[in-house]
Amino acid sequence: MDGRDGRDDVAVIDVGSNSVRLVLYRLEGRAIWTVYNEKVLAGLGRDIAATGRLSPEGVKMALPALRRFASIVEGVRPAAVLTAATAAVRDAEDGEEFRQRVAAETSLQVRVLTGEEEARYAALGVLAGAPDSEGIAADLGGASLELCRVGGGKVEGGVTLPLGPFSLATPEGFDADHARALIAERLKPMARDYSGAVLHAVGGGWRSLAQIHMSMVDHPLRIVHQYAMTAQQAHDTAHLVAHQSPASLARTPGVSKRRVETLPYAALVLEGLLEHCGFNRVEFSAWGLREGLLFESLAPSLVSADPLLASCEAIGLRQGVSPGLPGALEGWLTGVMAALPTAFGEERDGVLTAAACRLADVGARLHPDHRVELAFDQVLRAPAPGQTHAERAFLASTINARYGGSAETPAPRVVERLLNDDQRLRARALGLAMRLGSDMSVRSPQILASTVVSLKGGVLRLKATADHADALLGEQTRRRVKALAETLGATFEIG
């Protein structure tokens with residue numbers, strides 16, 4: 001497919017070993033939004049280890065789902081339809097027969113991925129959702145585990161191993177010792193080539209483990225994407241899950257009833273990776289194979305774009321009223337932000353400042369009585385990739401200050417848990433500076449460009465060119481300058 005570089009709808013149909021899924025995406029340049037997501041846990045690969053064939057019951061569930069998906073696609077008419085099948089269809093004796101039956105009954109032409117392709121697309125999905133990822137992308141499906149190295153914006157290698165729950169199960173039921181032995185036997189030959197500092201975990205089973213850990217530690221932000229654990233925390237969580245009874249797992253927050261059967265195997269595979277490959281950190285990715293397929297279809301100019309900045313720009317333009325404000329604000333703020341201590345490192349602080357400026361008008365169409373709370377919550381929980389949980393809290397705190405919210409913010413527990421003092425100070429100063437610039441200029445880039453704000457020697461100065469000196473007049477501007485100066489521990493001068 002030709003590289004996509006505009007606003008499109010794209011459908012991805014994923015015929016997996018456990019689930020059959022349709023996802024509809026809206027592309028706004030590099031910003032990728034999920035607008036519809038439907039899955040059926042058919043379990044196509046459930047019987048492969050025992051019979052070498054697709055599960056008959058799974059086929060009965062998958063075909064009606066695929067007929068429905070084909071009907072949806074026909075009605076929606078997206079710009080492109082990407083359809084792929086993974087380990088179950090690839091490995092089953094009757095996989096080709098199933099693929100041809102799907103084509104006959106639905107007109108969908110299912111592309112059967114090789115194991116290396118499956119690993120590569122999962123890794124591309126990780127990079128699409130977190131471009132700075134370094135380490136090993138690991139995608140655990142129903143029948144297989146795919147491993148691929150990521151780093152420097154690229155993917156390398158790729159291997160598939162029969163380590164999915166359906167490949168580890170025995171007819172007698174869950175046998176932890178048997179599964180551990182198989183995991184060790186199949187991982188050890190690959191351990192040296194697929195070792196690293198960070199494991200980027202992809203797949204529904206591991207997302208459930210992340211949700212369990214969030215509940216255990218009372219994590220204040222229940223978003224799986226880019227949730228991180230130390231290797232010890234991940235090992236302890238996996239060990240706990242692997243030793244629980246099905247009844248106990250079914251009562252565990254974050255675990256669906258359909259995951260109870262496969263979750264202990266997912267836990268044991270994670271344990272094995274940690275033990276054999278030497279990871280010291282696990283970061284969970286909600287983006288994987290489907291997003292990797294989509295990412296590959298983008299125009300080269302978009303692939304290199306920052307997904308956080310693209311997403312913030314799309315949100316800001318959709319809800320704001322002044323398209324020129326973000327760029328004007330970003331340049332105008334330099335004289336203040338450069339004088340502040342770093343919060344996430346100099347380079348990352350610059351990205352976050354740019355992201356915040358793209359969100360500067362996000363509350364323009366919200367009711368003024370609820371603007372602070374609504375804007376804060378939207379920025380905190382928006383499905384915008386490319387940001388850690390701490391960075392989400394930073395941007396939300398910035399927007400809270402930009403709209404006049406108190407230093408406490410609408411969610412003080414979230415902010416206190418995720419940000420340190422320097423990060424909270426920088427977020428508030430950035431937000432108050434954005435508020436000053438936006439209100440003083442009435443969101444006009446031309447007026448903003450006629451003024452200069454700086455912080456030197458403990459003095460915050462706001463000046464204007466001679467022909468725009470009156471733009472600095474007014475009690476509101478003075479209040480905005482005073483609030484920013486007090487936050488910075490500075491005095492102020494206007495004029």
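Strand E1 and strand E4 (residues 80-85) pair in the parallel sense over six bridges; strands (E, at least two residues) and helices (H or I, at least four) are DSSP runs numbered from the N terminus, and two strands pair if DSSP finds at least two bridges between them. This is a predicted model, in which local features need pLDDT of at least 70 and side-chain atom pairs count only at pLDDT 80 or more, while totals for chains, interfaces and linings use all residues. Residues are numbered from 1 along each chain as its sequence is written, and side-chain values use heavy atoms, with hydrogens and water left out.

- Strand E1 covers residues 7-15, and seven of its nine residues are buried, so it is largely enclosed by the rest of the structure. Buried means under 20% relative accessible area, exposed over 50%, and partly exposed in between (1.4 Å probe, protein chains only).
- Ile13 has Leu22 in E2 as its bridge partner.

**Cysteines**

- The whole structure contains zero disulfides, a disulfide being a pair of cysteine sulfur atoms within 2.5 Å.
- For Cys148, the closest cysteine sulfur is that of Cys277, 14 Å away, which is too far for a bond. Cys148 counts as buried because its relative accessibility is 0%.
- For Cys312, the closest cysteine sulfur belongs to Cys357 at 11 Å, again too far for a bond. Cys312 has 3% relative accessibility and therefore counts as buried.

- Most residues other than glycine have a negative phi.
- Asp218, not a glycine, has a positive phi of about 55°. Asp218 lies in the loop between helix H8 (204-217) and strand E10 (228-230), and at 39% relative accessibility it counts as partly exposed.
- Gln226 is likewise not a glycine and has a positive phi of about 65°. The loop between H8 and E10 also holds Gln226, which is buried with a relative accessible area of 9%.

**Annotated C-terminal span**

- An unreviewed UniProt entry places the feature "domain: Exopolyphosphatase C-terminal" at residues 347-490. UniProt positions are given in the numbering used here, feature names are shortened, and annotations may be inferred rather than shown by experiment.
- In the model, residues 347-490 are 58% helix and 8% strand, and the end C-alpha atoms of the span lie 25 Å apart.
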